[in-house]
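The following briefing concerns one protein model and is arranged by topic. Please consult the sequence and the structure while reading.

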Amino acid sequence: MAGYQKKYLPIFFCVAVALGIYIGSQFNYSNNPTNILGGNSKKEKLNRLIDYIDYEYVDSINTDSIVEVTVNGILENLDPHSVYIPPSELQQVNESMKGDFVGIGISFYNFKDSIAVIQAIPGGPSEKVGIRGGDRIVAADGQALTGAIVADDSITNQLKGQANTKVALKVKRPGIKDLLDFTVTRSVVPLKSVDASYMATDTLGYIKINRFAESTPQEFEKAILSLKRKGAKELILDLRGNPGGYISAAEQIADQFLEEDKLILFTKNKTGKIENAYATDAGEFEQGNVYVLINENSASASEIVAGALQDNDRGIIVGRRSFGKGLVQREMELGDGSAVRLTIARYYTPTGRSIQRPYADGNKAYYEDYLSRYKNGEMQSVDSITVADSLRYVTPGGKVVYGGGGIIPDVFIPKDTNYEKEAITYALRAGYMSRFIFELIEKRRPYYNSLSLEAFTEEVVISDLNIQGFVDYMNLRNLKIRVKDYKNDLKRYLKAVMAQQLFGNTVFEKLINDEDAAIQKIIALSRNE
């Protein structure tokens, strides 16, 4: 598994965390455009060079690509979290952070040269007209959507469109001979940032947030009110793997737990100007124990929430040291459909600590620090975390906390770095289990689609034959896994993925968490065990 970690995990996480935490509003230079866009010999030099290449260079050159390389080169010399977003990616990134998009509301695979619906998004336009998992969308408005030449981006473009416009779909449903006709009215489809909320015990609620989007505060408030009605007196807030998002969303989530006028964070820009963010009187969970789950992949906005609660002696931080990002970005349009997210301030937790890791040695070294935590033993022991006395702070309640590189948890949970467990976890997070389970469901689609959650829980068993099938599936993709000591974990994960495709994320998270060491530790803490 070490090879998988080094090659893939940093890429997946770093792409996400590079977007980090930022302020959503566009910066307005209109009051003083001369200072930004006026005459400057350095800027004129770059402009002239591009013009010379454009008009005089011996070969035809795509100067747009040169400009993008130049922009990226400039940003790489600033900090790891100032990033360029090309036009081809900006819409998708903004949809993710806004928390919705306009479309027909399905998740799908391009499977055997056709669009296979994994699930119609609950409450979305496709679900309303009766489209369901296993359906094949073979045409949209008379245009065929089958064959090897159909790419994911062309499918997406065909199914997306303006709100309240209609698209006529032809659908092949397993077990039915003739094609089915559906007319779907495109509408705003939510991209949920709250993955799951449920009762872990009779009095302990659980909420998982996957990112801090514009819609997160509203999603969270709905979830917390529902849990309180079910008897939640304590709460697990799971921010593991959450790479961040809007600073305003983080402030509003922290506000849910803090009493009025408690400091959430403060920011400082290049001029030294300080802006403070305080809690209001609107918190829905200001009483009762809060357990915040973090790990090495919890960054930026996640760290703001964890730091605010830790520094105000509100709640217990559980897990492993967080990523260590204390920079704030603002998105600025570049005029051609692209944008830059530029670091414009640093943020500090209520005690005054910055949790930003050093980045003077460049981006490569910065992100390789993620892997160094495996090597120095930090994933297995809190004693392996290096702290500096010069970055020592004390909370109002007398708790000692440290700056300089992430939030150190109050209760440490070691990571299981056994090869088998790492390989299984990688297969889950990289989507291999999802593909395998989809194909498994397809073999008995009418049966699985007919199951209630209760029937699924009681009847469906992941067999040893299924386990061997998954091992073979991975071997065909040159990904070797062993399941000698972790067969039960793999069975639980595969059933959780099946539940996700049939019933949604909450059931998935609940099954995944059934034997999770951090969750079990929190349950023990809540019972004073």
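In this predicted model, T267 stands opposite E275 in β15. On another strand, T267 stands opposite Y347 in β19. Residues are numbered from 1 along each chain as its sequence is written, and side-chain values use heavy atoms, with hydrogens and water left out. Because the model is predicted, local features need pLDDT of at least 70 and side-chain atom pairs count only at pLDDT 80 or more, whereas totals for chains, interfaces and linings use all residues.

**Strand β14 and its partners**

- Strand β14 (residues 263-268) pairs with strand β15 (residues 274-278) in the antiparallel sense over 5 bridges; two strands pair if DSSP finds at least two bridges between them.
- Helices (H or I, at least four residues) and strands (E, at least two) are DSSP runs, numbered from the N terminus.
- A hairpin is formed by β14 and β15, with 5 residues between them, and G272 in the turn has a positive phi of about 90°.
- Strand β19 (residues 339-348) runs antiparallel to β14 and is joined to it by 3 bridges.
- Of the 6 residues of β14, 5 are buried (under 20% relative accessible area, with a 1.4 Å probe and protein chains only).

**Nonpolar cores**

- The largest nonpolar core has 42 residues, and I207, F220, F257, I264 and L309 have the most contacts inside it; such a core is a set of buried Ala, Val, Leu, Ile, Met, Phe, Trp, Tyr and Cys residues joined through side-chain atoms within 4.5 Å.
- Helix α11 (residues 301-311) supplies the largest share of this core, 6 residues.
- Among the residues that I264 touches are L258, Y278, I304 and P350, contact meaning heavy atoms within 4.5 Å.

**The open sheet**

- An open sheet of 6 strands has the order β11-β12-β13-β16-β17-β22, with mixed pairing.
- Its edge strands, β11 (194-199) and β22 (411-412), each pair on one side only.
- Within the sheet order, β16 (residues 290-294) and β17 (residues 316-319) pair in the parallel sense over 4 bridges, and I294 stands opposite G319 in β17.

**Helices α17 and α18**

- The axes of α17 (residues 464-476) and α18 (residues 487-503) come within 11 Å and cross at roughly 85°; axes are lines fitted to C-alpha atoms, for helices over the stretch in contact, and angles run from 0 to 180 degrees between N-to-C directions.
- Therefore α17 is roughly perpendicular to α18 (65 to 115 degrees).
- D464, I467 and F470 of α17 make the contact with K487, L490, K491 and L494 of α18.

Methods
Angles under 35 degrees count as roughly parallel, over 145 as roughly antiparallel, 65 to 115 as roughly perpendicular and the rest as oblique. Buried means under 20% relative accessible area, exposed over 50%, partly exposed in between (1.4 Å probe, protein chains only). Lists of a residue's contacts leave out its neighbours within four places in sequence.
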